[in-house]
Amino acid sequence: MSSAVREKLELPNGGHKLLMHSCCAPCSGEVMEAFLESGIDYTVFFYNPNIHPVKEYLLRKEENIRFAEKHGVPFIDADYDTDNWFARAKGMENEPERGIRCTMCFDMRFERTALYAHEHGFPVITSSLGISRWKNMAQINDCGHRAAAPYDGLAYWDYNWRKGGGSQRMIEISKRENFYQQEYCGCVYSLRDTNRHRRAQGRDRIHIGVKFYGDDDAG
Ligand code: SF4
């Protein structure tokens with residue numbers, strides 16, 4: 001059962017349709033269902049060339065496609081231009097999470113989202129990225145506003161998806177859907193650093209493709 005009742009959502013600036021950048025199914029599940037419940041016309045935009053390796057990228061993307069198809073939501077499968085991502089990340093390989101490499105990473109994904117929105121008549125963009133408690137919401141929102149700013153009539157919607165029970169519903173939906181559960185943020189450097197951390201704690205390294213929400217739950 002879902003916790004707390006969702007508030008009725010309205011797009012900012014009287015917008016009539018929305019392009020939602022999605023990072024993965026677990027983060028976007030609650031956001032997508034909230035749009036559906038409010039009758040918002042939206043399209044999912046999957047652009048995440050940061051995700052490494054390709055096996056992990058495909059797992060995350062396929063889960064998101066499965067969920068979008070279940071709800072009949074259009075899904076844009078954008079480029080996996082990893083060369084561009086690595087070029088932009090050059091010199092930032094050892095930056096910590098929530099640092100400047102992550103600002104670059106959000107900027108890059110939102111710039112492409114904003115460009116697509118501009119070229120295809122979407123007046124509003126947003127992202128599921130901010131629902132994760134591992135992320136700095138202010139950092140994400142800064143990047144979103146910066147990406148939308150060059151385009152007249154394009155707004156970035158910085159709604160706080162965690163509030164009103166959103167964080168809890170995110171987990172509930174992930175378990176209900178048995179979504180693939182990623183164990184690191186996404187890039188090769190976050191994989192390296194998470195494995196280092198796990199080793200320091202005496203834990204095994206990450207095994208890609210084995211963990212799913214709800215599998216180790218008693219109830
Ligand atoms: S840690 Fe996450 S947000 Fe930061 S650069 Fe890597 S994939 Fe992008």
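1. The model is a predicted one, in which local features need pLDDT of at least 70 and side-chain atom pairs count only at pLDDT 80 or more, while totals for chains, interfaces and linings use all residues. Residues are numbered from 1 along each chain as its sequence is written.

2. Helices (H or I, at least four residues) and strands (E, at least two) are DSSP runs numbered from the N terminus.

3. The peptide bond between H52 and P53 is cis, with omega about -5°. P53 is placed in the loop between β2 (42–46) and α2 (54–71).

4. Positive phi values in non-glycine residues deserve mention. N13, in the segment before β1 (18–21), has phi near 60°. N13 is exposed, with 12 other C-beta atoms within 10 Å. The classes are buried for 20 or more other C-beta atoms within 10 Å of a residue's own, exposed for 12 or fewer, and partly exposed in between, with C-beta atoms placed from the backbone.

5. R98, which is not a glycine, likewise has a positive phi, of about 80°. R98 is found in the loop between α3 (82–89) and α4. Because R98 has 13 C-beta neighbours inside 10 Å, it counts as partly exposed.

6. Helix α1 (residues 25–37) packs with α2 at an angle of about 15°, the axes being 10 Å apart. Axes are lines fitted to C-alpha atoms, for helices over the stretch in contact, and angles run from 0 to 180 degrees between N-to-C directions. The two helices, α1 and α2, are therefore roughly parallel; angles under 35 degrees count as such, over 145 as roughly antiparallel, 65 to 115 as roughly perpendicular and the rest as oblique.

7. On the α1 side of this packing stand A25, S28, G29, M32 and L36, which meet R60, E63, N64, F67 and H71 of α2; contact requires C-beta atoms, placed from the backbone, within 7 Å. The residues of this contact divide into 4 nonpolar, 4 polar and 2 charged.

Conventions. Two residues are in contact if their C-beta atoms, placed from the backbone, lie within 7 Å. Ala, Val, Leu, Ile, Met, Phe, Trp, Tyr, Cys and Pro count as nonpolar, Asp, Glu, Lys and Arg as charged, and the others, Gly among them, as polar.
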